[in-house]
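These are my notebook entries on one structure, taken down in the order in which I looked things up. I begin with pockets and go on to surface, salt bridges and backbone.

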Amino acid sequence: MYRNHIFHQIYRKRGQELKKEKILIGIVCFTLTLAITLQLRTMAGTDSAVTKSFANDELKDKVLQWEERYEAITKALEKSNEELEKVRTASSQNDTTSKENSEKIKKNKMLLGLTDVVGDGVVITAEDGQVSGMTDNVIISQYLIHDTDLIEIVSELKNAGAEAISINDQRIVNMTSITCAGNVISINGQKVSSPFIIKAIGHPEMLYGINRPGGYINNMKYTSKASAKVVKSTNISIKKFNGAISSKYLLKQE
């Protein structure tokens with residue numbers, strides 16, 4: 001684009017110079033024509049036919065020379081204008097292509113999770129259950145939200161068409177790992193704990209459908225002492241992925 005701008009400036013400057021030369025030559029031609037007329041009138045009062053013929057031929061030659069130069073400048077100006085128009089057209093096309101590419105890059109970055117996004121969707125609050133009293137029959141693991149729970153919920157959200165997901169402000173991308181790390185869970189290498197605030201942007205009705213009977217969240221009521229609540233929400237803000245996206249095995253196809 002910068003190169004097109006330089007060409008545009010050069011051709012415009014050249015065109016202005018040619019216009020000035022064209023005007024100057026026009027003035028010269030007019031002046032010479034006027035001079036010829038005055039000289040012919042002056043010579044009309046003399047008796048020297050030789051002097052009259054010589055002066056007349058000399059002035060005619062000068063006029064022809066200037067006329068030829070005027071025509072050359074005119075053609076050069078026309079060519080310069082044509083080149084300038086080509087540069088303008090190319091510049092306009094490049095600007096359009098650049099804007100389209102820029103929009104594609106922005107969209108791809110959003111889909112990859114590399115930008116902050118805002119939209120409607122659902123917010124899920126999943127948290128550990130409360131142990132009322134310690135007895136020999138209490139199985140602590142039944143009261144906890146596990147990494148497998150979060151993985152299942154994220155999977156259902158994706159299947160429901162979620163365009164962006166985060167857990168405790170950790171953006172979920174293709175490279176995200178959700179693993180158990182002792183009594184806490186690690187997401188993107190960052191330790192997070194209950195309550196887990198899961199945000200998802202997408203069609204609210206479709207996303208809310210994960211709360212259906214037979215769905216994973218609904219079944220948690222019967223299989224564990226932990227809880228998960230789904231609510232529709234507007235203007236949900238999800239932060240971008242702050243980790244490093246790298247690839248070791250992807251190869252560019254020729």
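**Entry 1: the largest pocket**

I looked up the pockets and noted a volume of about 260 Å³ for the largest pocket. On a 1 Å grid over the protein atoms alone, a pocket is an open set of points where a 1.4 Å probe fits, with protein on both sides within 12 Å along at least five of seven lines, and lining residues have an atom within 4 Å of a point. Grid points are joined across faces, edges and corners, and the volume is the space filled by probe spheres set on the points.

I am working with a predicted model, in which local features need pLDDT of at least 70 and side-chain atom pairs count only at pLDDT 80 or more, while totals for chains, interfaces and linings use all residues. Residues are numbered from 1 along each chain as its sequence is written, and side-chain values use heavy atoms, with hydrogens and water left out.

The lining of the largest pocket comprises 14 residues, with Leu111, Leu112, Ile172, Val173 and Asn174 nearest the centre. Helix H2 (49–112) and strand S2 (164–167) are the elements that give two or more residues to this lining; helices (H or I, at least four residues) and strands (E, at least two) are DSSP runs, numbered from the N terminus. I counted by class nine nonpolar, two polar and three charged lining residues, where Ala, Val, Leu, Ile, Met, Phe, Trp, Tyr, Cys and Pro are nonpolar, Asp, Glu, Lys and Arg charged, and the others, Gly among them, polar.

**Entry 2: a surface patch**

I found that Leu112, a residue of the pocket lining, also belongs to a nonpolar surface patch with Leu114, Met175 and Ile245, with about 340 Å² of accessible area together. Such a patch takes residues with over 30% relative accessible area and no salt bridge, nonpolar side chains (Val, Leu, Ile, Met, Phe, Trp, Tyr) being joined within 5 Å, and the areas come from the Shrake-Rupley method with a 1.4 Å probe. Met175 lies in the loop between strand S3 (170–171) and strand S4 (178–181).

**Entry 3: salt bridges**

How many salt bridges does the structure hold? I noted three, each a side-chain nitrogen of Lys or Arg within 4 Å of a carboxyl oxygen of Asp or Glu.

Glu156 pairs with Arg212 at 3.7 Å between the closest N and O atoms, and this links helix H3 (residues 147–159) to the loop between helix H4 (204–208) and helix H5 (216–223), 56 residues apart. Glu156 is buried at 15% relative accessibility, whereas Arg212 is partly exposed at 42% (buried is under 20%, exposed over 50%, partly exposed in between, with a 1.4 Å probe and protein chains only).

Lys199 pairs with Asp169, the closest N and O atoms being 3.9 Å apart; Lys199 is in strand S7 (residues 196–201) and Asp169 in the loop between S2 and S3, 30 residues apart.

Lys232 and Glu205 meet at 2.5 Å, N to O. Lys232 is in strand S8 (residues 227–238) and Glu205 in helix H4, so this pair ties together parts 27 residues apart in sequence.

**Entry 4: backbone**

I recorded a cis peptide bond from Ser194 to Pro195, with omega near 0 degrees, and placed Pro195 in the loop between strand S6 (190–192) and S7. Asn168 has a positive phi, near 50 degrees, and sits in the loop between S2 and S3.

Terms used. Patch = residues over 30% accessible without salt bridge, like charges linked within 9 Å, V, L, I, M, F, W, Y side chains within 5 Å.
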